[in-house]
Amino acid sequence: MINITSLSKTFNSKVHAVADFSLHINKGEVISLIGPSGSGKSTVLRCIAGLEQPDKGQILIKGKEINYKSPASQKERTVMGFVFQHFNLFNNMTVLDNLTLAPINVLGKSKQEAEELAMTYLKRVGMADKANEYPAKLSGGQKQRAAIARSLCMQPEIMLFDEPTSALDPEMVKEVLNVIRELISEGLTTVIVTHEMNFAREISDRIGFMENGQLIECNTPEYIFNQTQNQRIRDFLEKVL
Ligand SMILES: Nc1ncnc2c1ncn2[C@@H]1O[C@H](COP(=O)(O)OP(=O)(O)OP(=O)(O)O)[C@@H](O)[C@H]1O
Ligand SMILES: [Mg+2]
C-alpha cells in the first residue's frame, strides 16, 4: 500500500529531518511512529501525504508515484486522509460545511450527496448533533472527532494521524482514541504518530522508533516493548512509560 524507499528530507540545506528512511506498509496494516521530539516523525508523515517534497528517495502509494506538484493529482491523493494535532478546521464554517467542502470541490459530489455522507460519518464519531455548530463552540475532543469525520468523508484507503490527541485535555484523549481504535478495526491502513505508548502498543501491527531522522527499528509491539536490545529505545520507553 505504501512503499517508502531511502526517503531523505533536509530543511534549509542543513537540518536532516529525515535520513534514508525506508518502510513498506501493507494494506490494512497499522504502523505507529514513536521517538523523541525532532526525530522526523511528522516530516515522514507529511512526505507521505505530499505536504512536503522529499529531496531523495521514493514514495509509492498503491504502486504509483504521485506527482505532488500537479493539481490534477489532488484527486489521487484523496486515497489518504490526514488528521493533524491542531484539527485544522475552518472556523468560519459550520462542522457540516467543513465536512462537505472537499467532497463537493474535489470529488465532484452534489451538495445533497456530500451532506448525507457527512452525516453518516458524524454519526460514526458521535457528532451528529453538532453538524450545524461552528468549531469555536466545540471542545478539543469534539473538534478532533469532527476532523476525523472530515477525513473519512473523502473515503480514504489510508489514514495518517499526527499526534491526534496531544493537544487535548486528558479526559478528551479517550474519546478520540476510541474513535481511532474503531476505524482501525475496520481495516483502514493507518500510520499514526503518537506519544500514547499504551495505545500504540495495543493497536499497532508494528511500531517504528525514529531518532535523528532515521528509522532505528520497526517491529511488533511485543518486540519493541519487551525484546529490543537497542539501548536508545529502552531508555526512551523507560522515560515515557
Ligand atoms: N518546515 C521546516 N523548516 C525547517 N525545519 C523543519 C521544518 N519542519 C521540521 N523541521 C526540522 O526537522 C526536524 C524533524 O522535525 P519533525 O517535526 O519531523 O519532528 P517530530 O519527530 O515530528 O517532532 P515532535 O515530536 O516534536 O513533533 C526538526 O529538527 C525540525 O526542527
Ligand atoms: Mg511532530
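**Rings and helices**

Modeller: Let's start with Phe209 and Phe236, which are both buried (under 20% relative accessible area; exposed is over 50%, partly exposed in between, with a 1.4 Å probe and protein chains only). This is a predicted model, where local features need pLDDT of at least 70, side-chain atom pairs count only at pLDDT 80 or more, and totals for chains, interfaces and linings use all residues. Residues are numbered from 1 along each chain as written, chains are lettered from A and ligands numbered from 1 in written order, and side-chain values use heavy atoms, without hydrogens and water.

Biologist: How many aromatic pairs does the structure hold?

Modeller: A pair of aromatic rings is described by the distance of the centres and the angle of the planes. Rings of Phe, Tyr and Trp (its six-membered ring) pair if their centres lie within 6.5 Å; planes under 30 degrees apart are stacked, over 60 edge-to-face, and the rest tilted. The structure holds two such pairs. Phe82 and Phe84 are stacked, at 4.3 Å centre to centre with 10° between the planes. Phe82 is buried at 12% relative accessibility, whereas Phe84 is partly exposed at 22%. The ring centres of Phe209 and Phe236 are 5.2 Å apart and their planes lie at 65°, so this pair is edge-to-face.

Biologist: Which parts does the pair of Phe209 and Phe236 tie together?

Modeller: Phe209 is in strand S9 (residues 206-211) and Phe236 in helix H9 (residues 231-240), so the pair ties together parts 27 residues apart in sequence. Helices (H or I, at least four residues) and strands (E, at least two) are DSSP runs, numbered from the N terminus.
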